[in-house]
Amino acid sequence: MPEPVLSARGLTKAFASPAGPLAVLQGVSLAVLPGESVSIRGSSGSGKTTLLQILGGLDLPDSGEVTVLAPGLGAVRPRAALGRGVGFVFQNYQLMPELTALENVALAARIAGVSVAEAQARAHELLGQVGLAARTDHLPAKLSGGECQRVALARALVNRPPVLLADEPTGNLDERTAEEVMALMLGVVGSLGTALVLVTHSREFAERASRRFVLSGGVLSPA
Ligand SMILES: Nc1ncnc2c1ncn2[C@@H]1O[C@H](COP(=O)(O)OP(=O)(O)OP(=O)(O)O)[C@@H](O)[C@H]1O
Ligand SMILES: [Mg+2]
């Protein structure tokens with residue numbers, strides 16, 4: 001059995017609310033194996049974004065622990081992986097508006113310590129893989145929603161993370177564009193051997209993952 005690229009054990013998380021602590025995660029464990037795809041569905045407010053942020057090290061759990069297998073670093077906390085352990089794709093793209101598509105992608109590599117020349121080469125290659133070779137010098141405002149999400153996908157993969165976390169990546173897109181972006185994402189992670197954790201409201205997209213879960217009552221259960 002291969003070592004998981006992402007492993008979470010016993011995660012709990014509560015937020016303060018006027019009515020007292022809101023227990024969002026109540027003991028979530030998950031192990032993601034190299035190259036596999038996992039989907040997570042759940043009603044609005046069930047804690048999907050909270051879970052993904054903790055898995056990626058953007059937030060910390062109250063208890064429990066997460067490890068990622070980062071290239072060259074071994075199994076570490078997500079925050080120690082400097083963008084190399086997980087890639088993130090968000091519903092609203094989160095591109096830097098004043099940077100071109102190429103610069104958005106290359107910046108993520110620069111932050112991880114890659115040289116300028118190598119960062120640009122990787123950005124060109126990945127933008128080609130997501131079908132945007134002709135749009136590298138466009139600012140996000142001059143790109144469609146689907147194109148912005150493809151740039152975000154290239155950015156998420158530029159440091160070759162072993163796992164991609166995608167939080168409703170097609171939530172802002174029309175049906176046809178959503179299908180195109182989802183097919184592209186599954187194709188690219190498949191060709192790179194990247195594992196995928198996909199949060200989606202779409203039953204159809206969720207079913208394309210090799211393992212499916214539902215988050216409800218703070219607990220993750222097989223769908
Ligand atoms: N920083 C925070 N402070 C207080 N409460 C929060 C915070 N972040 C999230 N919550 C609450 O935690 C719960 C889970 O939020 P979360 O965003 O994880 O849900 P979600 O499953 O991603 O929902 P959606 O499908 O609408 O995106 C919600 O009730 C939300 O209001
Ligand atoms: Mg959410």
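This briefing covers the pockets, the ligand site and the strand pairings of one structure. The model is predicted. Its largest pocket holds about 580 Å³ of space. Ligand 1 has 13 residues around it. Several strands pair, some in the parallel sense and some antiparallel.

**The largest pocket**

- The lining of the largest pocket is made up of 24 residues.
- Leu58, Gly83, Val86, Phe88 and Ala108 are the lining residues that lie nearest the centre of this pocket.
- Helix α2 provides the largest share, with four residues.
- By class, the lining has 14 nonpolar, seven polar and three charged residues.

**The second largest pocket**

- The second largest pocket contains about 170 Å³ of space.
- Its lining includes Arg122, Glu125, Leu126 and Gln129.
- Leu157, Val158, Arg160 and Pro161 also line this pocket, as do Leu192, Gly193 and Thr194.
- The largest share of this lining comes from helix α3 (residues 116-129), which gives four residues.
- Five of the lining residues are nonpolar, three are polar and three are charged.

**Around ligand 1**

- Ser44, Gly45, Lys48, Thr49 and Thr50 come nearest to ligand 1.
- Two elements, β2 (22-32) and α1 (48-55), each supply at least two residues of the shell.
- Helix α1 gives the largest share of the shell, three residues.
- The shell divides into three nonpolar, eight polar and two charged residues.
- Thr50 has a polar side-chain atom 2.6 Å from an oxygen atom of ligand 1.
- For Thr49, an N or O atom in the side chain is 2.9 Å from a ligand oxygen atom.
- For Glu168, the corresponding distance from a side-chain N or O atom to an oxygen atom of ligand 1 is 3.4 Å.
- Ligand 1 taken alone exposes 640 Å², and the protein buries 59% of that.

- Strand β3 (residues 37-41) pairs with strand β9 (residues 211-216) in the parallel sense, over four bridges.
- Within this pairing, Ile40 has Phe213 of β9 as its bridge partner.
- Strand β9 also joins strand β10 (residues 219-222). These two run antiparallel, with four bridges between them.
- Leu215 is bridged to Leu220 in β10.
- β9 and β10 form a hairpin with two residues between them. In the turn, Gly217 has a positive phi of about 60°.

- Strand β1 (residues 6-15) and β2 pair in the antiparallel sense, over eight bridges.
- Leu6 has Val32 as its bridge partner in β2.
- Six residues lie between β1 and β2, which form a hairpin. Gly20 in this turn has a positive phi of about 110°.
- β1 also pairs with strand β4 (residues 63-70). This pairing is antiparallel as well, and has five bridges.
- Ala8 is bridged to Val66 in β4.

Terms used
Residues are numbered from 1 along each chain as its sequence is written. Chains are lettered from A and ligands numbered from 1 in the order in which they are written. This is a predicted model: local features need pLDDT of at least 70, side-chain atom pairs count only at pLDDT 80 or more; totals for chains, interfaces and linings use all residues. Side-chain values use heavy atoms; hydrogens and water are left out. On a 1 Å grid over the protein atoms alone, a cavity is a set of points where a 1.4 Å probe fits but cannot get out, and a pocket is an open set with protein on both sides within 12 Å along at least five of seven lines; lining residues have an atom within 4 Å of a point. Grid points are joined across faces, edges and corners, and a volume is the space filled by probe spheres set on the points. Ala, Val, Leu, Ile, Met, Phe, Trp, Tyr, Cys and Pro count as nonpolar, Asp, Glu, Lys and Arg as charged, and the others, Gly among them, as polar. A residue is near a molecule or strand if one of its heavy atoms lies within 4 Å of it. A polar contact is a pair of N or O atoms within 3.5 Å; within protein, one must be able to donate a hydrogen and the other to accept it, and residues adjacent in sequence count only if both atoms are side-chain atoms. Accessible areas come from the Shrake-Rupley method with a 1.4 Å probe; for residues, only the protein chains shown count as cover. Two strands pair if DSSP finds at least two bridges between them.
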